[in-house]
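This briefing gathers selected local features of one protein model, for use alongside its sequence and coordinates. The points are grouped by topic.

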Amino acid sequence: MKRPQQLNNEIHTAILFLLPSFAGFVLFILIPILSSFLVSFTNYSGSFAKIQFAGLRNYELIFSNTKFWKSIYVTLIFVASSVIFQLFLGFCFALILNRKIYGKVFFRSILFLPVVLSSVAVCMAFLFLFHPTAGPINNFLMSLNLKPVPWLADKDTALLSIIIVFVWQSFGYYMIIFLSGLQTINPALYEVADIDGASDYQKLIKVTIPGLSPVIFFSLIIALINAFKMFDHVFIMTGGQYGGGPADSTRVLAFDIYQNGFLFWQIGYGAAESVVLFLIILSITVIQYRFQRSWVTYDIV
């Protein structure tokens with residue numbers, strides 16, 4: 001048994017170690033979130049002298065604005081597409097690189113490398129690759145007598161181009177998470193499946209996916225949150241602060257918040273949009289936690 005004085009000393013030491021992290025959380029996360037909620041009920045436009053309480057006026061303007069609904073539509077398409085491909089590619093490459101193949105450590109490193117690269121550098125590189133006339137991709141297509149793709153210059157392909165870049169840069173992160181999960185599955189389960197004559201597909205469905213379900217659940221939450229917050233790729237690849245085009249085809253909600261708040265100085269309106277985005281992410285996360293019991297398996301041995 002520890003003495004009360006010794007226990008108190010350990011508690012005080014733990015508090016001292018946690019204090020810097022907690023202070024950072026309060027200063028840079030909690031206070032800005034609470035401030036956004038408060039500012040969303042005002043007409044704040046950057047001048048404290050003119051700030052006035054506006055009630056629900058900003059929220060009324062949001063839900064009557066067609067641009068807001070267009071940004072919601074674009075965001076949902078982006079989130080659904082990017083999350084599906086990130087998790088699917090991460091899962092497939094994790095299965096491949098979990099096998100005993102030559103050079104697997106090298107390929108793991110190569111596939112994870114884009115995750116640690118700067119988004120600015122990645123986007124600038126793809127701007128060159130996607131150039132409609134001088135880009136290597138279109139030059140290759142034309143060498144095969146195929147029509148060049150307008151990529152970022154056309155409203156039908158602009159969002160797809162950003163999804164490609166976002167997925168390429170991000171799926172390696174989920175590959176590493178899935179690899180870690182695969183290595184925690186008990187090998188005896190596969191041995192039993194082999195004895196029972198199970199095929200590779202049956203082992204995948206009955207052993208691998210249930211064993212990975214907690215990891216898949218975690219990855220799904222993180223991928224959804226990151227996709228909803230995506231801003232930098234649109235900003236860099238579609239023209240900076242005046243981007244989001246062509247024809248608002250890449251105007252995701254995070255970029256719409258930025259433009260309204262920091263370009264048009266409708267900070268109260270932008271704060272209200274950020275509150276709506278927060279509530280959307282929170283609702284989806286709560287729903288996921290609510291229904292995880294029906295498909296997430298924690299007791300597989």
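**Local features of the predicted model**

Ala 247 is exposed, because its relative accessibility of 55% lies over the 50% cut-off for that class. The model is predicted. The notes below treat the loop that holds Ala 247, between α10 and α11, and then Leu 204 in helix α9.

- Pro 246 is located in the loop that runs between α10 (232–237) and α11 (253–263).
- The peptide bond between Gly 245 and Pro 246 is cis, with omega at about 0°.
- Ala 247 is not a glycine, yet its phi is positive, at about 55°.
- Asp 248, also a residue other than glycine, has a positive phi near 60°.

**Accessibility of Asp 248**

- Asp 248 belongs to the loop between α10 and α11.
- The relative accessible area of Asp 248 is 21%, so this residue is classed as partly exposed rather than buried, a term kept for values under 20%.

- Leu 204 is part of helix α9, which covers residues 200–228.
- With a relative accessible area of 23%, Leu 204 is partly exposed.
- Leaving aside residues up to four places away in sequence, Leu 204 touches Phe 91, Leu 95, Ile 209 and Pro 210.
- One of these contacts is Leu 95; the C-alpha atoms of Leu 204 and Leu 95 are 9.7 Å apart in space, while 109 residues separate the pair in sequence.

How values were computed:
Residues are numbered from 1 along each chain as its sequence is written. This is a predicted model: local features need pLDDT of at least 70, side-chain atom pairs count only at pLDDT 80 or more; totals for chains, interfaces and linings use all residues. Side-chain values use heavy atoms; hydrogens and water are left out. Helices (H or I, at least four residues) and strands (E, at least two) are DSSP runs, numbered from the N terminus. Buried means under 20% relative accessible area, exposed over 50%, partly exposed in between (1.4 Å probe, protein chains only). Contact means heavy atoms within 4.5 Å.
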